[in-house]
Amino acid sequence: MARKAFIAGNWKMNMTAESGKQLITELKPLVKGAKCEIALCVPAILIPAMVKAAKGSKIKIGAQNVHFAKSGAYTGEISADMLKEYGVKYVIIGHSERRQYFGETDETVNKRTLAALENELTPIVCVGETLEEREGNKTEKVLARQLETGLNGIEDITKVVIAYEPVWAIGTGKTATDGQAQETIAYIRKKLGKLFGVRNANKVRIQYGGSMNANNCKGLMAQPDIDGGLIGGASLKTDFATIVNYDK
Ligand code: PGA
């Protein structure tokens with residue numbers, strides 16, 4: 001079964017209601033003919049306005065995090081129910097910035113992923129090694145741990161999107177080469193095969209993320225195991241439409 005390409009933007013802590021609306025309005029006609037699935041994962045407070053702005057287009061709105069509890073004493077957190085109520089379809093889980101600055105662990109990634117699936121949100125689970133880990137030849141070991149723990153107990157892995165984001169490539173302008181990204185993503189697929197069966201693993205969409213832009217997207221998307229991208233910086237401008245139209 002062919003995997004449908006999926007390009008998602010990650011606005012991180014950027015944009016305002018006004019600038020976000022303006023960008024989405026500019027993007028709408030530019031992405032009209034795109035064949036891939038498209039999402040923009042925006043700051044939580046912008047979700048209602050961006051869902052409204054994207055209405056009638058191929059752009060679906062996602063969140064950047066979700067709490068695992070249904071409700072309760074978790075100051076500052078947002079539940080899957082709340083996201084769904086406002087029309088959210090996707091949620092990024094375990095981004096390296098959350099792991100680095102907010103104490104996210106493979107265990108909390110797992111709990112958040114299960115909560116997202118239970119509420120029919122598509123989780124975009126981020127994995128990736130640091131520069132130190134890559135240089136120490138620990139990439140596969142780190143990814144294996146992140147996948148084993150982060151995806152533990154998932155019944156239907158085909159409902160999950162994985163984003164491979166080498167930490168050293170995020171926001172640095174240093175993209176993994178096409179070959180490096182392909183090789184590592186092929187390893188991730190192989191590992192998913194061991195955990196969930198090869199047939200299921202072949203259906204899972206795996207994105208590349210880390211300084212992906214309008215210039216390098218074609219080469220990355222041409223790799224057999226790369227099914228999409230998670231785009232940070234370049235999703236804040238109309239370059240995002242060029243990436244979405246990588247096959248044109
Ligand atoms: P970048 O970010 O494209 O700005 O490197 C990607 C990400 O962190 O998701």
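**Exercise 1.** In this predicted model, find how far a polar side-chain atom of His95 lies from an oxygen atom of the ligand. Then work out which other residues hold ligand oxygen atoms at 2.7 Å.

*Solution.* Start at His95: one of its polar side-chain atoms sits 2.6 Å from a ligand oxygen. Polar contacts are counted within 3.5 Å, so this pair qualifies. Next, go to Glu165, where a side-chain N or O atom is 2.7 Å from an oxygen atom of the ligand. Finish with Ser211: here a polar backbone atom lies 2.7 Å from a ligand oxygen. As for cover, the ligand taken alone exposes 290 Å², and the protein buries 94% of that.

**Exercise 2.** How many residues surround the ligand, and how do they divide into nonpolar, polar and charged?

*Solution.* Count the shell and you get 13 residues, with Lys12, His95, Glu165, Gly171 and Ser211 the closest. Now sort the shell by type: seven are polar, four nonpolar and two charged.

**Exercise 3.** Check phi for Lys12 and Glu120: is each value positive or negative, and where does each residue sit?

*Solution.* Keep the background in mind: most residues other than glycine have a negative phi. Lys12 comes out positive, near 55 degrees, and belongs to the loop between β1 (6-10) and α1 (17-30). Glu120 is positive too, with phi near 60 degrees, and its place is the loop between α5 (106-118) and β5. To tie this back to the ligand, Lys12 is also among the closest residues of the shell.

Notes:
Residues are numbered from 1 along each chain as its sequence is written. This is a predicted model: local features need pLDDT of at least 70, side-chain atom pairs count only at pLDDT 80 or more; totals for chains, interfaces and linings use all residues. Side-chain values use heavy atoms; hydrogens and water are left out. A residue is near a molecule or strand if one of its heavy atoms lies within 4 Å of it. A polar contact is a pair of N or O atoms within 3.5 Å; within protein, one must be able to donate a hydrogen and the other to accept it, and residues adjacent in sequence count only if both atoms are side-chain atoms. Accessible areas come from the Shrake-Rupley method with a 1.4 Å probe; for residues, only the protein chains shown count as cover. Ala, Val, Leu, Ile, Met, Phe, Trp, Tyr, Cys and Pro count as nonpolar, Asp, Glu, Lys and Arg as charged, and the others, Gly among them, as polar. Helices (H or I, at least four residues) and strands (E, at least two) are DSSP runs, numbered from the N terminus.
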